[in-house]
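Colleague: Could you take me through the aromatic rings of this model, with the reasoning spelled out?

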Amino acid sequence: MRLVAVGRMKDKAELALVERYRKRLRPALDIVELPDGRGSPDEIKRREAQAILAACPANSFVLALDEGGQSWGSPALASAMQGWMADARPPCFVIGGAEGLDASVLHRADAALSLGALTWPHMLVRIMLVEQIYRAQAIMAGHPYHRSGRP
């Protein structure tokens, strides 16, 4: 599995949260950090898109985090991940920069995921996504980590 993200995580507390979940993941989650783009907003998106697309393996199932994407529940994400892995299409999660994702990245993506209508800081999105990947694996394994609160 791979996470391609624009921006470098520098805060030690944020890094510790990502690592808390990342070290439990099997298969491992490879994180590729890309530098923030420079220039006009359109130029930033174009440059970041080139780097993002180059970092996504050809056979992967690309899941772009985008406000226009679908909102999935944790069990739905777990089910989808199980299907991608069974099809030998390891997931490649993509988090864009402050200007958002270029249309070329959304066009390449196999699906888009929204974490809701609220706007989240990119580093917090990374933490939340890695936790949800861990949660999905726990659901697939029948581990009690995920408790939906439903009977």
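**Aromatic pairs**

Modeller: In this predicted model, ring pairs join Tyr21, Tyr134 and Tyr145 into a cluster.

Colleague: How many aromatic pairs does a search of the whole structure find?

Modeller: The search covers the whole structure, and the number of aromatic pairs it finds is four.

Colleague: Is the pair of Phe61 and Trp84 stacked or edge-to-face?

Modeller: The ring centres of Phe61 and Trp84 are 4.1 Å apart, with 15 degrees between the planes. Planes under 30 degrees apart count as stacked, so the pair of Phe61 and Trp84 is stacked.

Colleague: How many residues apart in sequence are the parts that this pair ties together?

Modeller: Phe61 belongs to strand 3 (residues 61-70), whereas Trp84 belongs to helix 3 (residues 74-86). The pair therefore ties together parts whose separation in sequence is 23 residues.

Colleague: Are the rings of Tyr134 and Tyr145 stacked or edge-to-face?

Modeller: Their centres lie 4.8 Å apart and their planes stand at 75 degrees. Since an angle over 60 counts as edge-to-face, the pair of Tyr134 and Tyr145 is edge-to-face.

Colleague: Which residue of this pair counts as partly exposed?

Modeller: Tyr134, in helix 5 (residues 122-141), counts as buried at 12% relative accessibility. In the segment after helix 5, at 23% relative accessibility, the residue that counts as partly exposed is Tyr145.

Colleague: Which residue lies over the face of Tyr134?

Modeller: At 5.2 Å from the ring centre of Tyr134, the residue over its face is Arg24.

Technical notes
Residues numbered from 1 in each chain as written. Predicted model: local features only at pLDDT ≥ 70, side-chain atom pairs only at ≥ 80, totals over all residues. Heavy atoms only, no water. Phe/Tyr/Trp six-rings, centres within 6.5 Å; stacked < 30°, edge-to-face > 60°. Helix = DSSP H or I, 4+ residues; strand = E, 2+ residues; numbered from the N terminus. Buried < 20%, exposed > 50% of the residue type's maximum accessible area, 1.4 Å probe, protein only. Lys NZ or Arg CZ within 6 Å of the ring centre and 35° of its normal.
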